[in-house]
Amino acid sequence: MILDLTALADEHLAAARTAPHGRSAHLVMHDGVLRQTVIALTSGTSLDEHNAPPAASLQVLRGRVKLTAAGWSEELPAAALRMIPKERHGLTAVEDAVVLLTAVND
């Protein structure tokens, strides 16, 4: 399966901009323990703190986000790729943003 990430980013950012909670997400790949999800967030919208999967990465496709965990935060610009911390964490859009979350769940 070949996906157009640019088109998915456009589609979900448009949906997030009209959604009551300012976000739109879609599971784009699921193969056994591997999941990849496109998540669009409007500026100021957050994903509340949640538990981390056993392994995960976050790739910023558009905009800028802030990844937070106990005692620290880090801003990630478009084109950044970062492993998700193993601890509880949250995500906030500093500006309208789209990310690709890749997670491995056991």
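Modeller: Two strands pair if DSSP finds at least two bridges between them. Strands (E, at least two residues) are DSSP runs, numbered from the N terminus. This is a predicted model, where local features need pLDDT of at least 70, side-chain atom pairs count only at pLDDT 80 or more, and totals for chains, interfaces and linings use all residues. Residues are numbered from 1 along each chain as its sequence is written, and side-chain values use heavy atoms, with hydrogens and water left out.

Biologist: Fine. How many bridges join strand 4 to strand 9?

Modeller: Seven, between strand 4 (residues 55-62) and strand 9 (residues 97-104), and the two run antiparallel. Leu 58 faces Leu 101 of strand 9 across that pairing.

Biologist: Which residue in strand 7 is the bridge partner of Gln 59?

Modeller: Leu 81. Strand 7 (residues 81-83) is antiparallel to strand 4, with three bridges.

Biologist: And strand 8, is it mostly covered or open?

Modeller: Mostly covered: of the five residues in strand 8 (residues 89-93), four are buried. Buried means under 20% relative accessible area, with a 1.4 Å probe and protein chains only. Strand 8 has an antiparallel pairing with strand 3 (residues 46-50) through three bridges, where Leu 47 is opposite Leu 91. Strand 8 also pairs antiparallel with strand 5 (residues 64-69), over five bridges, and there Val 65 is opposite Ala 93.

Biologist: Switching to Val 38. Why does Val 38 count as buried?

Modeller: Because its relative accessibility is 0%. Val 38 belongs to strand 2 (residues 34-41).

Biologist: What is Val 38 in contact with, leaving aside neighbours within four places in sequence?

Modeller: Contact means heavy atoms within 4.5 Å. The partners of Val 38 include Leu 5, Leu 8, His 12, Val 98, Val 99 and Leu 100; Ser 24, Ala 25, His 26 and Val 28 are also among them.

Biologist: Now the largest pocket. How much space lies in it?

Modeller: About 230 Å³. A pocket is an open set of points on a 1 Å grid over the protein atoms alone, where a 1.4 Å probe fits, with protein on both sides within 12 Å along at least five of seven lines; lining residues have an atom within 4 Å of a point. The volume is the space filled by probe spheres set on the points.

Biologist: Which strands supply at least two residues each of its lining?

Modeller: Strand 2, strand 3, strand 8 and strand 9. The lining of the largest pocket has 14 residues, and Ile 39, Leu 47, His 50, His 89 and Leu 101 are the closest to the centre.

Methods: Buried < 20%, exposed > 50% of the residue type's maximum accessible area, 1.4 Å probe, protein only.
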